[in-house]
Amino acid sequence: MSAAKNEKPLATGSGVVARPRDRDKEGTRTRFTISEIKGSRQTAAQLLIRSLVNQSVKYIFGIPGGKIMPTFDVLRDEGPQLIVCRHEQNAAFMAAAIGRLTGRPGVCLVTSGPGTGNLVTGVATATTEGDPMVAIGGVVPLPDTLKQTHQSMDSVAIMKPVTKFSVAINAPDAAGEAVVNAFRAAMAPRAGASFIAFPRDVQAAATEASAPPLLPLPALGTAPADMVRQAAEKISKAESPVVLLGMGASKPRATAAVRALLKRHGLPVVGTFQGAGAVSRELLPLFFGRVGLFRNQPGDKVLARADVVLTVGYDPVEYDPSFWNVGKARTIIHLDNYPCDIDNHYQPELELRGALADTVCALASMLQERSFARGPELQAIHAESKALLDPPAPKSNGLIHPLSIVLGLRSLVDDDTIIASDMGSHHIWMARHFFEFEPRKLLFSNGQQTLGVGIPWAMAANLIYPGRKAVATVGDGGFLYSSMELETAVRLKQNITVLVFRDGGYNMVAFQQELLYGRTSGTDFGNPDIVKYAESLGCAGLRVNKPDELLPTLRKGLETPGVVVVDIPTDYSKNVEIGQHVIPEAWD
C-alpha cells in the first residue's frame, strides 16, 4: 500500500494501554474506539493491532523476530491473545483452520526473510482450499528494501501468486486500511489468504489515523430468478440428475438449504471430500458416497450415468472434472457465490451465481414435485456405497489394517467431534469410510493435499471448541512435519488426541510408484520412538502393540485429558488395490 502524498516523517511514539474493562474473560481485547486514541501518540503497530481487534480477531499465531519486534511489543499490552508457535508454516495452518471453522480470517504474524518465506505453503493451501486468513510479515526498514541486507526480500512479490491480496504498509496512516482491506479480500468469494508486509520503521512511526470498524461485505442476493427457473426445468426433465456437493456446501447455512432441498425432492447426491458432513444421517438413502483422488468409487458410477449434474459449492480443485466428466456427455449447472473456472471438462450450461443458501432454497421451490426412478443399476450402486459405511472387518497379519483404525475411531466419537485428517495413505481410508454427518467436522486438504496440516488444524479446532476433544489423524511422515507444535499444545493445556498411522515410509507415494513402475524410490525413512518422543514434549504417549489392543487403546487415548499421541503400527499392504480400476490419466 503506497504512502499518502502528504506523508508525515517517520517517528517513534508510545500509545495507550488497553484497559482491563475492555477485555473479555480470556483477556482478549474486544474493541477500540476513536476516543481512546484521540490525543495520544499512537504508533502504526498499535494501529494495526487495534484494527485487528476491531475485526473480532481473538488469536494471533506467530513467531517473533527482529523486523516485527515493535508489533510484538504492542501485543504485551493490548490486542488478541498471542499464541507462540514453533514453525511459521504451522502458524499459517492454524490461522487457516480458524478461517475454515468460523468463516472469519485467522491471523498469523511473523518476521521478515525466512520467517515470511516459511508461510508460503500454509498461505497457498488456504487460498487453494478457500480458507480465509490474513498473514502479516515484518520487513526491513524502508531505506533498506532495495539493498542486499539482512533478511531483505520482496515478500509482497513472493506472496502475490499464492494470495488474493498482497500489499506493503509503506506509511503509518495506512496500517488500518491495509488490515480492513486484507480481511475483506480474504472473505470475499472465493475466500483465501491475504498478506501484509510491515516494515520495521513504519511499525514504530506515529500516526493519528483511527482503527477502522468492522465493515461487513455487502450481502449477495439470490441468483437471477429466470436462470434458477431454467435450472429447475432442466433438473425436473432429467432422467438421471445428480447433485455434486463441494466444499461450499459444507458451510452451515448452505448445508441447511441443501438438506431441505434433498428432503423435498429426493435427488441422488454425492460429495467431494471437503463436502463431508453436508448430508445428514436421515438422508443416507440418497447418498452415494464421496468422490476424490481416484475414479473408482460408487459416486463416480452415479456421475458417469448422470445426464444433468448440479454442482453446489464445488470447485474443480477438489476433484478434477476430467475424472468425472469424461466425454462431457452431461449438462452441468454450477451453483455457487462466485463464477466457476472454465476448463475443457467443466463448461456449465448455467451458472447460478448468488448467495449459495438462498439460491438453493429458490431452486428447491421451483423444482417440479416428482420421484426419481431407482432402477436396479442405481440400487446396486447405492448398496455398494452403503457397504463403505459398514465394511467387513479386515484380516490382520499382526499389524493394524488402516480400515480397522478408521472404523474403530468412528465407533468411539460422536458427530460433533472435529477430526483433522492429514495427508497420506490414511487420508484415502478416512475419506472413503469415515462417514460424517455434520458440516466442517471432518477436515481434509484436497486442493494442495498438504502434508503436515493435521496437528495444527486440530489445535485450532480445540481453541474454538475448548470443551471438546479434537482429533488429528496423521501418518508418520506428516507427523514429523508438525509434531513440534505438540509442545505448543501442551503449553496451551489443550485437549487433543493424535493418532499416528506408522509404517516407516511415504506410502501414498510408494503404492503409486508400485502401480506405475513395479518398484519404489525415495519413500523409506526411519522413525524415533514415537511414544518417548511424545512424552519428551509433555504429552501422554500410548502404543498399540497388537490388533486386539486397538479399540481399548483408542478409547483410552480419547478419554485421557490433555495432549495424547497414539502410535499405531499400520499395514498398508492392501493400498495397491485402492489404485486399481482407475482411469489411466489419474497417474499422469
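User: What makes the residues in the lining of the largest cavity nonpolar, polar or charged?

Analyst: Ala, Val, Leu, Ile, Met, Phe, Trp, Tyr, Cys and Pro count as nonpolar, Asp, Glu, Lys and Arg as charged, and the others, Gly among them, as polar. On that basis the lining divides into 8 nonpolar, 4 polar and 2 charged residues. The model is predicted: local features need pLDDT of at least 70 and side-chain atom pairs 80 or more, while totals for chains, interfaces and linings use all residues. Residues are numbered from 1 along each chain as its sequence is written, and side-chain values use heavy atoms, without hydrogens and water.

User: Why is a space called a cavity and not a pocket?

Analyst: The search uses a 1 Å grid over the protein atoms alone; a cavity is a set of points where a 1.4 Å probe fits but cannot get out, whereas a pocket is an open set with protein on both sides within 12 Å along at least five of seven lines. Searching the whole structure gives 6 cavities of 30 Å³ or more. The largest cavity has a volume of about 100 Å³, where a volume is the space filled by probe spheres set on the points, with points joined across faces, edges and corners.

User: What makes a residue part of the lining of the largest cavity?

Analyst: A lining residue has an atom within 4 Å of a point. For the largest cavity 14 residues line the space, and G275, A276, G277, V279 and F287 are the closest to its centre. Strand 10 and strand 11 (287-291) each give two or more residues, with the largest share, 3 residues, coming from strand 10. Strands here are DSSP runs of E with at least two residues, and helices are runs of H or I with at least four, numbered from the N terminus.

User: Which elements supply at least two residues of the lining of the second largest cavity?

Analyst: They are strand 11 and helix 17. Strand 11 gives the most, with 3 residues. The second largest cavity holds about 70 Å³ of space, and F287, G289, R290, A431 and R432 are among the residues that line it.

User: What volume does the largest pocket have, and what lines it?

Analyst: Its volume is about 1200 Å³. The lining has 45 residues, and G103, M187, P189, K251 and N337 lie nearest the centre. Helix 4 (88-102), helix 11 (252-265), helix 14 (356-366) and strand 16 (442-443) each give two or more residues. The largest share, 4 residues, belongs to helix 4. By class the lining has 24 nonpolar, 10 polar and 11 charged residues.

User: How do you know that the span of helix 11 agrees with its 14 residues?

Analyst: The expected span is 1.5 Å times one less than the number of residues. For helix 11 that should be 20 Å, and its end C-alpha atoms are 20 Å apart, so the two agree. Helix 11 is followed by G266, whose phi is positive, near 60°.

User: Why are some residues of helix 11 called buried?

Analyst: Buried means under 20% relative accessible area, exposed over 50%, and partly exposed in between, with a 1.4 Å probe and protein chains only. In helix 11 the label goes to A254, T255, A257, V258, R259, L261, L262 and H265. These buried residues pack against strand 9 (241-245), strand 10 (269-272), strand 12 (308-312) and helix 14, where contact means heavy atoms within 4.5 Å.
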